[in-house]
Amino acid sequence: MAGFSSKRRKIRQPDSEFPLLQCHKTQNDLEDWIGIGKLPDEILVSILSLLPMKQAIRTSVLARRWRYLWTSITHLEFDDRSVNYLLFSRPPSPSPTPFDMCAPLEPTYPPFLVKRRRFVDWVNQVLNLHKGSHVDEFSLEFAVYGDYFKSDIDSWINFAFQKRVKRLHLIFTCSWASTQRSYALTPPMLRNYRLDSLVQLRLCYVEVTGEVLECFLSACPLLEFLSVSTSRVMNFKISGPSLKLKQLEITYCTLTSLDIYAVNLMSFKYSGNHECISLKHTPPLVNAHFGGTYASYIIKSFSQFQSYLSQLETLVLDLRFEKLTSFPKLPKLRNLKQLELELNRRVFCLLLCTSLLRASPSLNRFKIKFFDLDKRMKDKMEIKKSKCKHKCLKVVKLSAFVGCGVDLEIARYILSHTLSLEKIIINPRHRFMVTSEDTDEVLEARSRARQHLEHRLPPGTQLVVL
């Protein structure tokens with residue numbers, strides 16, 4: 001083992017949170033370590049496949065047997081935002097080793113691409129050392145900079161296809177330095193490989209045409225999950241009685257037409273224009289998530305969609321950028337168990353919430369995320385008091401709570417119109433807060449929640465202020 005001395009290799013000690021590196025401290029630890037060592041390689045590889053990539057690679061320093069075990073893992077996840085590019089410092093070496101996580105930097109790259117080049121070289125090293133015959137999941141999150149690294153991305157996707165990947169996630173982002181919108185997948189790339197092993201496909205900021213997506217559908221008879229986000233798809237038709245597609249997500253895409261005929265579809269997420277979508281042959285959905293103009297269109301024309309929304313168990317309506325001041329009478333959603341709303345100040349929140357509560361007699365969990373609320377706001381809508389109280393609602397959560405007339409009135413209504421409420425959760429923080437420290441606004445919102453709601457709690461109901 002002299003060749004791996006800390007002097008020559010300058011091995012950086014792995015982070016202390018990795019549990020396998022805390023062995024031999026107690027008798028129990030020693031017994032656990034001996035037990036793990038007796039396991040066959042196949043089981044150890046399965047265990048390593050459950051770990052994050054950098055932790056799986058760090059096990060190569062545990063013992064001689066572990067040196068290359070990680071090269072057979074079936075779960076490959078690369079994220080250029082969080083990966084540690086220099087797990088070990090790189091000594092001069094004629095051939096790659098698990099410790100050679102970085103190739104020499106190219107002097108021709110601009111300064112802002114130096115770290116990106118390191119990440120690319122690290123991914124290339126890992127894939128070159130991979131010995132497994134197949135990959136269950138290949139996940140890549142990467143910031144695209146025009147045509148930089150395009151050939152590397154091509155080779156990564158080819159690697160995934162060659163390894164008969166089952167779950168492929170390509171999540172790209174664009175930066176200020178990019179000269180084109182995003183990375184593009186083309187039909188010629190798909191024709192050279194068998195894709196019949198693919199079960200799950202997620203594409204974000206990947207330029208695809210309807211032809212490419214239809215190619216995936218026809219070549220992937222086992223595909224059950226398809227997600228396309230932030231792409232210029234244009235025309236897309238999902239059809240075929242043999243399709244096994246169960247979950248479909250189309251969000252923030254430029255579409256002119258979207259025709260869906262998927263007899264096995266159970267979950268559908270769509271955010272965009274309502275004019276281009278056709279769901280004439282869709283079976284009753286179990287889970288639905290709607291956003292953009294389509295979400296407001298669904299509410300205004302709910303009765304038209306009753307055939308495929310009547311069996312819903314989970315519904316999310318994202319109305320952050322919509323304006324709604326009136327609502328028709330909603331048909332009954334007798335199977336709805338979970339409801340989530342994302343609301344802004346231009347939606348008459350109380351009226352919408354009460355309408356949905358009355359239409360959902362089996363609702364168990366209700367979550368509202370507020371946007372752009374101000375503590376000085378008042379809800380101008382007057383709701384007629386109802387003698388009917390909700391019998392099934394157990395948990396309510398209000399996020400981005402400020403303690404104004406809008407969110408307080410919704411909380412008061414729920415507390416006075418439920419019979420079995422167990423918990424109401426108030427969270428004054430919102431997803432865009434950049435600091436973990438509480439601001440004055442957050443502290444004031446907590447105080448207002450306790451001041452206005454504690455004395456209104458029905459027996460058996462708990463108020464939780466986060």
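# Exercises on ring pairs, salt bridges and helix packing

Arg320 lies over the face of Phe371, 5.4 Å from the ring centre; a charge sits over a ring if NZ of Lys or CZ of Arg is within 6 Å of the ring centre and within 35 degrees of the ring normal. The model is predicted, so local features need pLDDT of at least 70 and side-chain atom pairs count only at pLDDT 80 or more, while totals for chains, interfaces and linings use all residues. Residues are numbered from 1 along each chain as its sequence is written, and side-chain values use heavy atoms, with hydrogens and water left out.

## Exercise 1

Classify the ring pair Phe119 and Phe142, and state where the two residues lie.

**Solution.** 

Step 1. A pair of aromatic rings is described by the distance of the centres and the angle of the planes. Rings of Phe, Tyr and Trp (its six-membered ring) pair if their centres lie within 6.5 Å; planes under 30 degrees apart count as stacked, over 60 as edge-to-face and the rest as tilted. A search of the whole structure finds 17 such aromatic pairs.

Step 2. The ring centres of Phe119 and Phe142 are 5.7 Å apart and the planes stand at 20°, so this pair is stacked.

Step 3. Helices (H or I, at least four residues) and strands (E, at least two) are DSSP runs, numbered from the N terminus. Phe119 belongs to helix H5 (residues 114-129) and Phe142 to strand E2 (residues 137-144), so the pair ties together parts 23 residues apart in sequence.

Step 4. Buried means under 20% relative accessible area, exposed over 50%, and partly exposed in between (1.4 Å probe, protein chains only). Phe119 has 0% relative accessibility and counts as buried. Phe142, with a relative accessible area of 1%, is buried.

## Exercise 2

Classify the ring pair Phe138 and Phe159, then name the cluster that ring pairs form.

**Solution.** 

Step 1. The centres of Phe138 and Phe159 are 6.2 Å apart, with 50° between the planes, and this aromatic pair is tilted.

Step 2. Phe138 lies in strand E2 and Phe159 in helix H6 (residues 150-162), so the pair ties together parts 21 residues apart in sequence.

Step 3. Phe138 counts as buried at 1% relative accessibility, and Phe159 counts as buried at 9%.

Step 4. Ring pairs link Phe78, Phe119, Trp122, Phe138, Phe142, Phe149, Trp156 and Phe159 into a cluster.

## Exercise 3

**Solution.** 

Step 1. Side chains of opposite charge can pair when their charged atoms come close. A salt bridge is a side-chain nitrogen of Lys or Arg within 4 Å of a carboxyl oxygen of Asp or Glu. The structure holds 13 salt bridges.

Step 2. Asp152 is in helix H6 and Arg117 in helix H5, 35 residues apart, and the pair links distant parts of the chain. Both Asp152 and Arg117 are buried.

Step 3. Lys166 is partly exposed, with a relative accessible area of 38%.

Step 4. Asp154 counts as buried at 18% relative accessibility, whereas Lys150 is partly exposed at 34%.

Step 5. Salt bridges that share partners join Arg117, Asp121 and Asp152 into one network.

## Exercise 4

Describe how helices H5 and H6 cross.

**Solution.** 

Step 1. Two packed helices are described by the angle between their axes and the distance between the axes. Axes are lines fitted to C-alpha atoms, for helices over the stretch in contact, and angles run from 0 to 180 degrees between N-to-C directions.

Step 2. The axes of H5 and H6 come within 11 Å and cross at roughly 30°. That makes H5 roughly parallel to H6 (angles under 35 degrees count as roughly parallel, over 145 as roughly antiparallel, 65 to 115 as roughly perpendicular and the rest as oblique).

Step 3. The crossing of H5 and H6 is left-handed; a crossing is left-handed if the near helix is turned anticlockwise from the far one by less than a right angle, and right-handed if clockwise.
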